[in-house]
Number of protein chains: 2
Amino acid sequence: MSKLLMTPGPTNIPTEVQNILGQDMIHHRFDDFHKIMENLNEKLKKIFFTQNDVYTMTCSGTGVMETAVVNLFSKGEKVAIVNVGNFGKRFVQICKVYGLNVIELEYNWGETYNINDIKKVISENNDLKGIFVTHSETSTGVLNNIKAIGELTKNSDILLIVDVISGMIVNEFRFDEWNVDCAVAGSQKGFLLPPGIAFVSISDKAKKALYKSDLPKFYFDLKVTIKYYNEKKETPWTPAIPIIRAAEVACDLLLKEGIENIQIKHTKLRKYVEDEVQKLGFKLFVKNPEARGNTLVTVYREDNLDLTKLRDYIDNEYNITIAGGQGKYNGKILRFGCLGLLTIQDFNNLFKKIKKYIEENN
Amino acid sequence: MSKLLMTPGPTNIPTEVQNILGQDMIHHRFDDFHKIMENLNEKLKKIFFTQNDVYTMTCSGTGVMETAVVNLFSKGEKVAIVNVGNFGKRFVQICKVYGLNVIELEYNWGETYNINDIKKVISENNDLKGIFVTHSETSTGVLNNIKAIGELTKNSDILLIVDVISGMIVNEFRFDEWNVDCAVAGSQKGFLLPPGIAFVSISDKAKKALYKSDLPKFYFDLKVTIKYYNEKKETPWTPAIPIIRAAEVACDLLLKEGIENIQIKHTKLRKYVEDEVQKLGFKLFVKNPEARGNTLVTVYREDNLDLTKLRDYIDNEYNITIAGGQGKYNGKILRFGCLGLLTIQDFNNLFKKIKKYIEENN
């Protein structure tokens, strides 16, 4: 049975992309696959707004987060991590597993970071090697200002690593212009693709660190991935061929519509959702309008309406899936994903159903 | 354009499985996905011939090889690795990256291991923690006897880790009966699936090592994978949903045909291929008949026929893909994959074309 996914990923995907997934298998060590890899890279470069190559790996977003950590640093090196939610915290966990010296800049869920904290960390730690930050924090809906951090790191040796997994496509992101050194993305968010592959791009500045890093890695060794791409337009390990093939088609759809056009459309969609949820008695979880992204709208209530029951009702009754809260916000917030193919009409339909439910159950 | 893949993976896949890949997306944190994960585990247990759970991860076979290494051992521990080709060597590389103390038992390509070497290593190293061995070595076609090693490790603390990536399904493999402690498999070989997911199962004996291991890992942390499966029937990181869904259907097809029946069919197929290639003037690369597996038939020639040109001709002219040699055997051998849906009729057709080519070009 088909469901309308109104979560911050995975999303429903277009028919053109679904059709590609089921096509006859090809082999990843032959020219037809090499051409797909080369075309995909060129398209991803346009989406990342970068001149650097974008490498495709077979894993989830967490896999490329780990790839960034284990390839760009060495044991004991000092890094600062902006933690505004579950996925900022994930960078903290990964860096600690690999023995990095972590300065954690932790903020309350629903808040963005404070630029003065970043300035202070940089000025007080002249051995700082990197700053990790989440673009769109999927657990809260906060969109962090990446450009402002890039201004601070661009003339230094500090690497700026950005998790754009849920932020990419529907929110502005400029790898080169914003002086980003490493960006990691996942297929199942703004890309109109299923989960299963992830993307990583690094700057020339980051490449220098890459060849110095002493952390152990094998599957996620980016040097090997780069070597295989450069020499053969291949991946070192057997890749998720159907999803990579679908990615080329999905990128075509995105580029044809235009990344800026998509962002304008999703800004409108997100603002519509923000207005309508407030009419239904929800409060916006992200208080600062400047920190609200287009990936999702997160809400809570001040009355006693059971949000988990509401979510289950909508799912069971109407086959529409919305997301609850993660971690400590489980049961306390709802997250409306605004990614991919979703339209104002989809939300209009959803909100009518929610309105009816609230009238009958509150 | 469709190609007939006669390589040792990836393989062509059945229409029933292709159709599932393109189905409407579902979300991996909801009950419909939980049911798929639970059903898939039960089916994989039958295919692995084990009472232990079989966990599904989003990565290639190399990813689960790394999973075995980083989860079951600690830094500096001594392990023996049976290296009869490219994939035995890969275990050596991974173990060395993570600082294990590696005893490498290296054999010439085309040969299987010598059981006396294993006995000697065990008797001379009472601190030995594990033995790694490849079931079917994809680079050569050798099928190693796993049962014989399990007899040596079963009453000890030594863990037996087996790469069954290309060996599974078409060759006999008995996790429990053969006293295996960890087996890792990939989707794109005997499973009638595209690449993108991989499987891992561990014994109770291995579970004890799991909770002691001090090697760094995050994405491949099997403790977390087990916890998510046990508590929620979920994966910790967003999985390759379409391929997991397809896996349940593919396992149904395999179990309906019967694993033993498939093995009988593929033994016949492999023997047919062995007979016919010799009529065409090829020599079998694996000299010992006891060491030949059903996954692939590897051949070489003593005349000057250019095998790469032959392979390219068959690919370009007939859209049939066969595999060349890996590493030092590039251009020196051909590998005919006998996996999946391939039949005697397919090979009969191929050999007619090869015969014609040889007559015209030799």
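Predicted model: local features only at pLDDT ≥ 70, side-chain atom pairs only at ≥ 80, totals over all residues.
Student: What makes Arg335(A) count as buried?

Tutor: Its relative accessibility is 7%. Buried means under 20% relative accessible area. So Arg335(A) counts as buried.

Student: Where does Arg335(A) sit, and which residues is Arg335(A) in contact with?

Tutor: Arg335(A) lies in strand E12 (residues 334-337) of chain A. Leaving aside neighbours within four places in sequence, its contacts include Met6(A), Pro8(A), Thr138(A) and Ser139(A). Also among them are Leu296(A), Ile322(A) and Ala323(A). Contact here means heavy atoms within 4.5 Å.

Student: What does the UniProt record say about Arg335(A)?

Tutor: An unreviewed UniProt entry carries the annotation "binding site", which covers Arg335(A). Such annotations may be inferred rather than shown by experiment.

Student: Which way do the residues of strand E12 of chain B point?

Tutor: Leu334(B) and Phe336(B) point one way from strand E12 (residues 334-337) of chain B. Arg335(B) and Gly337(B) point the other way. All are buried.

Student: How do you know that E12(B) pairs with strand E10 of chain B?

Tutor: Count the bridges. Two strands pair if DSSP finds at least two bridges between them. Strand E10 (residues 296-300) of chain B is joined to E12(B) by 4 bridges, so the two pair. They run antiparallel. Leu296(B) stands opposite Gly337(B).

Student: What about strand E11 of chain B and E12(B)?

Tutor: Strand E11 (residues 320-324) of chain B and E12(B) share 2 bridges. The rule asks for at least two, so they pair. The sense is antiparallel. Here Ala323(B) stands opposite Arg335(B).

Student: Why are E2 and E4 of chain A called edge strands?

Tutor: Start with the sheet. It is open, with 7 strands in the order E2-E8-E7-E6-E5-E3-E4 (chain A), and its pairing is mixed. Strand E2 (54-57) and strand E4 (101-106) of chain A each pair on one side only. The twist averages 20° from one strand to the next.

Student: Which strand does E2(A) pair with?

Tutor: E2(A) is joined by 4 bridges to strand E8 (residues 198-202) of chain A, and the two run antiparallel. Val54(A) has Ser201(A) as its bridge partner.

Student: What makes the pairing mixed in the chain B sheet?

Tutor: The chain B sheet is also given as open, with 7 strands and mixed pairing. One parallel pair is strand E6 (residues 159-163) and strand E7 (residues 182-186) of chain B, joined by 3 bridges. In that pair, Asp163(B) stands opposite Val184(B).

Student: How do you know that the two copies are related as by a two-fold rotation axis?

Tutor: A rotation of 180° with 0.0 Å of shift along its axis superposes chain B on chain A, with RMSD 0.0 Å. The copies are thus related as by a two-fold rotation axis. The same surface serves both: 100% of the contact residues of chain B recur in chain A.

Student: Which residues touch the most other members of the largest nonpolar core?

Tutor: That core has 196 residues, and Phe48(A), Phe191(A), Phe48(B) and Phe191(B) touch the most other members. Not counting residues up to four places away in sequence, Phe191(B) touches Leu44(B), Ile47(B) and Met168(B), among others.

Student: Why is Tyr357(B) called buried?

Tutor: Its relative accessible area is 8%. The cut-off is under 20%, so Tyr357(B) is buried. Tyr357(B) belongs to helix H12 (residues 344-361) of chain B. Its contacts beyond four places in sequence include Leu310(B) and Tyr313(B). Leu310(B) is 47 residues from Tyr357(B) in sequence, yet 7.4 Å away in space, C-alpha to C-alpha.

Notes. Residues numbered from 1 in each chain as written. Chains lettered and ligands numbered in written order. Heavy atoms only, no water. Axes fitted to C-alpha atoms, helices over the stretch in contact; angles between N-to-C directions. Least-squares fit on C-alpha atoms with pLDDT ≥ 70 in both. Buried < 20%, exposed > 50% of the residue type's maximum accessible area, 1.4 Å probe, protein only. Core = buried A, V, L, I, M, F, W, Y, C linked by side-chain atoms within 4.5 Å.
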